[in-house]
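Please consult the sequence and the three-dimensional view together while reading.

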Amino acid sequence: MTQTITTHHLSPEAIHQLVDYLPDYIKAALLSKSTELECSLEAAIEMAISSFLDEESFSFEDCLLAKRLKDQ
């Protein structure tokens, strides 16, 4: 069974729920990075996660992990 994913970005609500559980030093680093890049906290977290999954990606839409796993 193939699952279709239609959400391409994290919602602000999802981010705020996630941030509540992060250690303070990680929250501070993400806030610092979002300020440095002049982007939202949501975008900074999305970039951090997607770059962990695919070092060449900039966001979830650029992340090719699913394709790479399929091709293996």
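## Basis of the report

The model is predicted: local features need pLDDT of at least 70, side-chain atom pairs count only at pLDDT 80 or more, and totals for chains, interfaces and linings use all residues. Residues are numbered from 1 along each chain as its sequence is written, and side-chain values use heavy atoms, with hydrogens and water left out.

## Packing of H1 and H3

Helices are DSSP runs of H or I with at least four residues, numbered from the N terminus. The axes of helix H1 (residues 12-21) and H3 come within 10 Å and cross at roughly 70°; axes are lines fitted to C-alpha atoms over the stretch in contact, and angles run from 0 to 180 degrees between N-to-C directions. H1 is therefore roughly perpendicular to H3, a term that applies from 65 to 115 degrees.

Contact means heavy atoms within 4.5 Å. On the H1 side, Pro12, Ile15, His16, Leu18 and Val19 meet Leu41, Glu42 and Ile45 of H3. The residues of this contact comprise 6 nonpolar, 1 polar and 1 charged.

## The nonpolar core

A nonpolar core is a set of buried Ala, Val, Leu, Ile, Met, Phe, Trp, Tyr and Cys residues joined through side-chain atoms within 4.5 Å. The largest one has 6 residues: Ile15, Val19, Leu22, Leu30, Leu41 and Ile45. H1 and H3 are the elements that give two or more residues to this core.

Leaving out residues up to four places away in sequence, Leu41 touches Ile15, Val19, Leu30, Leu31 and Ser34.

Lys27 pairs with Asp24 at 3.7 Å, N to O. Because these residues lie 3 apart in helix H2, about one helical turn separates Lys27 and Asp24.

In the other pair, the closest N and O atoms of Glu36 and Lys33 are 3.5 Å apart. Glu36 and Lys33 are likewise 3 residues apart in helix H2, about one helical turn.

Buried means under 20% relative accessible area, exposed over 50%, and partly exposed in between (1.4 Å probe, protein chains only). Ser34, in helix H2 (residues 24-37), counts as buried because its relative accessibility is 8%.

Phe58 lies in the loop between helix H3 (41-53) and helix H4 (65-71). With a relative accessible area of 56%, Phe58 is exposed. Beyond four places in sequence, Phe58 touches Met47 and Ser50.

Technical notes. Angles under 35 degrees count as roughly parallel, over 145 as roughly antiparallel, 65 to 115 as roughly perpendicular and the rest as oblique. Ala, Val, Leu, Ile, Met, Phe, Trp, Tyr, Cys and Pro count as nonpolar, Asp, Glu, Lys and Arg as charged, and the others, Gly among them, as polar. A salt bridge is a side-chain nitrogen of Lys or Arg within 4 Å of a carboxyl oxygen of Asp or Glu.
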